[in-house]
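Please read this short briefing beside the sequence and the 3D structure.

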Amino acid sequence: MKEKNTETKEILDKIKEIRNDNPSKKHSASHVGNETKYRIIYERDLCIGVAACVMSSPKYWEMDDEGKAILKNGREVSPGIFEIEISEEDYAESFEAAKECPVNCIHIINLETGEKII
Ligand code: SF4
């Protein structure tokens with residue numbers, strides 16, 4: 001439980017960091033218009049391998065040999081934390097994947113507003 005709290009703190013710090021992002025970065029995110037609007041953040045250590053994300057969004061999610069989800073093409077920004085930017089067209093299925101995850105280890109940030117959607 002303590003470990004999960006540490007993880008949660010880490011993700012909240014990350015989200016805070018995104019919110020306090022410097023304006024030029026924010027500008028570049030919104031500047032790309034329809035291309036990059038959201039960021040998926042995945043806390044792999046919390047994954048329990050239910051594969052609900054894969055069912056909801058096979059474009060971005062697959063299972064690995066360890067029975068954990070992989071965020072396809074996601075970059076590891078810190079140990080066990082993966083991120084990828086997505087466009088509006090992939091938002092609905094990505095939100096579904098995050099919503100269906102039973103351990104809430106998938107998050108979505110609106111890059112234009114800094115809002116943590118889920
Ligand atoms: S839905 Fe959540 S717990 Fe299940 S495989 Fe996907 S990331 Fe892991």
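Ala, Val, Leu, Ile, Met, Phe, Trp, Tyr, Cys and Pro count here as nonpolar, Asp, Glu, Lys and Arg as charged, and the others, Gly among them, as polar. By these classes, the shell around the ligand holds 12 nonpolar, 1 polar and 1 charged residues. This is a predicted model: local features need pLDDT of at least 70, side-chain atom pairs count only at pLDDT 80 or more, and totals for chains, interfaces and linings use all residues. Residues are numbered from 1 along each chain as its sequence is written.

**Ligand surroundings**

- There are 14 residues around the ligand, and those that come nearest are Cys-47, Val-50, Cys-53, Ala-69 and Cys-101.
- A residue is near a molecule or strand if its C-beta atom, placed from the backbone, lies within 6 Å of it.

**Overall fold**

- The protein chain has 4 helices and 6 strands, where helices (H or I, at least four residues) and strands (E, at least two) are DSSP runs numbered from the N terminus.
- Along the sequence these elements follow the pattern α-α-β-α-β-β-β-β-α-β.
- Of the 118 residues of the protein chain, 27% count as buried.
- Buried means that 20 or more other C-beta atoms lie within 10 Å of the residue's own, exposed means 12 or fewer, and partly exposed is in between, with C-beta atoms placed from the backbone.
- Among contacts in the protein chain with a separation of 6 or more, 64% join residues 24 or more positions apart; a contact requires C-beta atoms, placed from the backbone, within 7 Å.

**The sheet**

- An open sheet is formed by 4 strands in the order β4-β5-β1-β6, with antiparallel pairing; two strands pair if DSSP finds at least two bridges between them.
- Strands β4 and β6 stand at the edges with a single partner strand each, so one side of each has no neighbour in the sheet.
- From one strand to the next, the twist averages 30°.
- Strand β1 (residues 38-43) and β6 run antiparallel and are joined by 5 bridges, and Tyr-38 stands opposite Asn-110 in β6.
- In strand β6 (residues 106-110), 4 of the 5 residues are buried, so this strand is largely enclosed by the rest of the structure.
- Helix α4 lies across β1, β5 (81-86) and β6, at about 140° to β6; axes are lines fitted to C-alpha atoms, for helices over the stretch in contact, and angles run from 0 to 180 degrees between N-to-C directions.

**The nonpolar core**

- A nonpolar core is a set of buried Ala, Val, Leu, Ile, Met, Phe, Trp, Tyr and Cys residues joined through C-beta atoms within 7 Å.
- The largest such core has 21 residues, of which Ile-40, Tyr-42, Ala-97 and Ile-106 touch the most other members.
- At least two residues of this core come from each of β1, β3, β5, α4 and β6, and β1 gives the most, with 4 residues.
- Leaving aside neighbours within four places in sequence, Ile-106 is in contact with Ile-40, Tyr-42, Cys-53, Ala-97, Ala-98 and Cys-101.

**Two loop residues**

- Asn-73, in the loop between β3 (69-71) and β4 (75-78), has a positive phi near 65° though not a glycine.
- Asn-73 is exposed, with 8 other C-beta atoms within 10 Å.
- Asn-104, in the loop between α4 (91-100) and β6, has a positive phi of about 50° and is not a glycine.
- Asn-104 is partly exposed, with 13 other C-beta atoms within 10 Å.

Technical notes:
Contact = placed C-beta atoms within 7 Å.
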